[in-house]
Every structure is written in structure tokens, then in C-alpha cells.
Amino acid sequence: MDKQQTEFTVEQATSPVSAQDREAMLANPGFGKYLTDHMVTISYSAEKGWHDAKIGPRHDLQMNPSTMVLHYAGEIFEGMKTYRHPDGGAGLFRPEANARRFNNSAARLAMAQIPEDLFVNSVRELARIDRDWIPSEGEGSLYMRPFMIGTEVAIGNHPSDAFLYAVIASPVGSYFKGGVSGVSVWVSEEYTRAAPGGTGAAKCGGNYAAALAAQAEAAKHGCEQVVFLDAVERRWIEELAGMNVFFVFDDGTIQTPPLTGTILPGITRDSLIRLARDKGMTVREEPYGIDQWRADIESGRLVEVFACGTAAVVAPISQLKGKDFDLTIGDGGMGPVTADLRKTLTDIQFGRSNDPHGWVDRL
Ligand code: COI
């Protein structure tokens with residue numbers, strides 16, 4: 001951490017995309033379909049520390065076929081967004097929280113720590129240089145994807161002694177095809193996401209790869225997302241494939257699974273807990289079992305369920321499906337608590353309201 005370069009060499013790209021084509025892309029960005037003109041790259045080696053920090057034209061990465069990431073999945077990433085504000089400016093949301101989580105993920109995967117200010121500056125600088133790519137319509141935003149890979153060239157499995165850190169950006173709209181209409185979830189009995197002591201709390205590519213077969217199982221049963229149960233008792237709700245989950249009860253209280261090391265400590269999750277408590281709501285971070293979930297839908301005690309994450313924002317869950325059950329939650333749409341929390345969060349992110357916690361980082 002002592003050796004670091006924090007000044008970026010900047011090489012401005014000539015965009016291969018015309019302003020007109022870019023506007024068409026921003027009007028209908030989908031999720032992750034398009035990338036902006038530039039990218040950040042910073043190298044790390046044991047001798048030089050962090051060096052060669054560059055912002056330049058986005059380019060392909062070339063590597064030796066025995067580069068460690070290709071064999072042992074030494075990869076971590078973050079997801080964060082740049083939001084267009086009503087005055088035409090823009091802001092990031094809690095970027096220092098992403099920096100902290102990135103380094104926690106790095107520690108779990110025996111990768112190098114990156115100075116938090118270097119991480120935050122890299123994302124800020126990319127958002128600035130590619131500011132024309134920040135959507136200004138509806139709830140579109142510029143999704144920032146910092147990531148790091150182990151680049152030592154070696155077939156033996158040991159901690160890499162070299163890394164590449166990079167940031168790319170993509171204009172995005174809704175993560176779910178149906179926008180904010182209800183998401184259906186499938187309870188996987190076959191697959192789990194993470195075991196105690198594993199990498200469940202790290203944001204590493206391996207966790208997302210391990211979720212894909214379960215996602216395919218969910219799709220086979222007509223569901224958009226899988227919901228994972230814990231790996232030990234196969235009973236407690238963990239998270240979906242890339243987003244946290246909240247339950248809203250008829251007494252107005254809210255519950256979400258606790259951070260026991262097997263689920264991702266979502267920054268959206270943390271923000272919603274704080275915003276709900278600001279409103280005087282009771283929020284429990286306690287285990288919730290699948291049998292209880294089913295019983296609470298049937299009795300009417302559970303009135304709303306929602307998924308949350310940077311990509312997903314806050315999305316209502318309308319249907320819970322498993323091997324021998326298929327239940328509709330509430331009236332199958334977005335309930336009032338979900339809608340209110342979603343609005344409070346997004347109003348802060350898009351600079352439409354006060355920022356009581358100082359979460360917005362204006363560019
Ligand atoms: C995010 O919400 O930022 C994620 O990284 C989840 C991913 C499935 C897009």
C-alpha cells in the first residue's frame with residue numbers, strides 16, 4: 001500500500017459512436033449492452049506497487065494463456081452507478097463504501113489492496129471523461145464496473161503477485177426486463193450459493209458463476225431469479241443471484257437476512273436499512289426460514305417482499321415458487337412500503353432530495 005501512483009495519464013479517445021447514435025443508445029440502454037469510450041487501467045506488481053494508472057480509449061485485454069485469472073478465478077469486482085442530477089451535473093453514491101468492500105473482497109481472495117482514494121478517483125475520473133454517456137431520461141444511469149484480476153503468468157496455484165485493476169462503464173436502464181413489475185423467484189433445493197467460511201461475502205466472479213446453474217433451474221420453472229437457502233440447514237433465506245432480499249410484514253416491520261459471512265453485504269441493503277430506520281420503522285436483521293415465508297404468505301402476515309442491489313435498485317418480488325408450491329405475494333404488484341423506500345433512495349441518488357447521510361459524491 002505504501003508504493004502507489006495516484007496521477008492518471010489521460011488519453012482522450014475519439015468516440016467511434018456518433019452523438020446521434022449515442023443518444024439513441026441512451027434512450028434505450030437495456031442493461032450492459034453498450035460500453036462507453038474510455039476505461040481505466042492500473043497495474044500492480046510486488047516490486048512497483050500500483051503503477052501505470054491510465055485513462056484511455058477502451059480496448060481489449062490481451063493475456064498469456066497461463067495468466068492465473070484464467071485458471072483459478074482470481075477476480076473481484078464492484079457495481080456502482082453515476083446518476084444524472086436535475087441541474088445537469090452528476091453524482092456517485094457512497095463510492096467509498098464500494099472501495100471498502102472491494103478491499104474486503106481482495107483480502108478474501110488473497111489479492112492486493114488498492115488505496116481507497118485511488119479506487120474512488122478512478123471511478124470519478126472515468127465518469128467525468130465519459131459524462132456524455134450518463135443517461136438523463138427516467139431512471140437510467142451510468143453503471144460503473146471496477147474489477148481486478150490476478151495477472152501473474154503461472155500454472156501453479158498460489159496468490160498472484162501481479163494484478164490488473166480496471167474500470168469500465170455502461171449506460172443502463174432497468175435490470176429486469178419487466179421494469180419494476182413483480183419478479184418471480186424459484187427456491188432452489190438442489191443448489192446453494194455459499195457455505196460458512198467460503199467466499200459468500202466477497203464480490204468475486206466465482207460466486208456469480210456458481211449461481212448460473214441455479215438461475216437456469218429457476219428459468220426452467222418460469223422464474224426470473226433463484227432464491228438461495230443456507231448451505232448447512234437448507235432452511236434459511238440467503239439472497240438471490242446477485243441481490244439481497246427484504247420482507248415487509250402487516251405490522252409495518254421489515255426483516256432481512258443477517259450478514260453472517262455467506263451473503264453479500266449490499267450497499268443498497270445497508271442504505272435501505274438506514275432509510276427505513278430514519279422513517280421510524282423497525283428493521284430486523286434476523287434469519288427467516290423458507291417454511292415461515294410460505295406460512296406468512298398464506299396467513300397474510302407477509303405483505304411485501306423486495307429484492308435490492310445496485311443493478312436491481314429495489315424490485316418487488318411477486319411470486320414464490322418451489323417444487324410443490326406456487327404462491328403470490330400480496331396483490332402481485334409493488335406494495336406501498338417498497339414503493340416508498342424505493343422513492344426515498346432513488347430521490348437521494350438522483351439528487352432530487354436532501355442527502356441526510358452525505359452519501360452523494362458530486363462529480
Ligand atoms: C450489482 O447489482 O451491481 C451487481 O453486481 C449484480 C450483478 C448481477 C449485475
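**Figure 1. The chain is assigned two domains.** Domain 1 covers 9–172 and domain 2 covers 183–350; these bounds come from an automatic or database domain assignment. The C-alpha centres of domain 1 and domain 2 lie 27 Å apart. This is a predicted model, in which local features need pLDDT of at least 70, side-chain atom pairs count only at pLDDT 80 or more, and totals for chains, interfaces and linings use all residues. Residues are numbered from 1 along each chain as its sequence is written.

Figure 2. The contact takes 21 residues from domain 1 and 13 residues from domain 2. Two residues are in contact if their C-beta atoms, placed from the backbone, lie within 7 Å. On the side of domain 1 that touches domain 2, strand 4 (75–77), strand 5 (80–84) and helix 3 (95–108) each supply at least two residues. Helices (H or I, at least four residues) and strands (E, at least two) are DSSP runs, numbered from the N terminus. Helix 3 gives the most to this side, with 6 residues. By class, this side of domain 1 holds 9 nonpolar, 5 polar and 7 charged residues. Ala, Val, Leu, Ile, Met, Phe, Trp, Tyr, Cys and Pro count as nonpolar, Asp, Glu, Lys and Arg as charged, and the others, Gly among them, as polar.

**Figure 3. Strand 2 pairs with strand 3 and with strand 8.** Pairing requires that DSSP finds at least two bridges between two strands. Strand 2 (residues 38–45) and strand 3 (residues 49–57) are antiparallel, over 7 bridges. They form a hairpin with 3 residues between them. T41 stands opposite K54 in strand 3. Strand 2 also pairs with strand 8 (residues 162–172) in the antiparallel sense, over 6 bridges. Here V40 stands opposite V167.

**Figure 4. The largest nonpolar core has 86 residues.** Such a core is a set of buried Ala, Val, Leu, Ile, Met, Phe, Trp, Tyr and Cys residues joined through C-beta atoms within 7 Å. Buried means that 20 or more other C-beta atoms, placed from the backbone, lie within 10 Å of the residue's own. The core draws at least three residues from each of domain 1 and domain 2. V226 and A307 have the most contacts inside it. Leaving aside neighbours within four places in sequence, V226 touches residues including V185, W186, L240 and A241.

**Figure 5. Six residues, G79, G242, G309, T310, A311 and A312, are around the ligand.** The shell has 2 nonpolar, 4 polar and no charged residues.

Methods
Near = placed C-beta within 6 Å. Buried ≥ 20, exposed ≤ 12 C-beta atoms within 10 Å, placed from the backbone.
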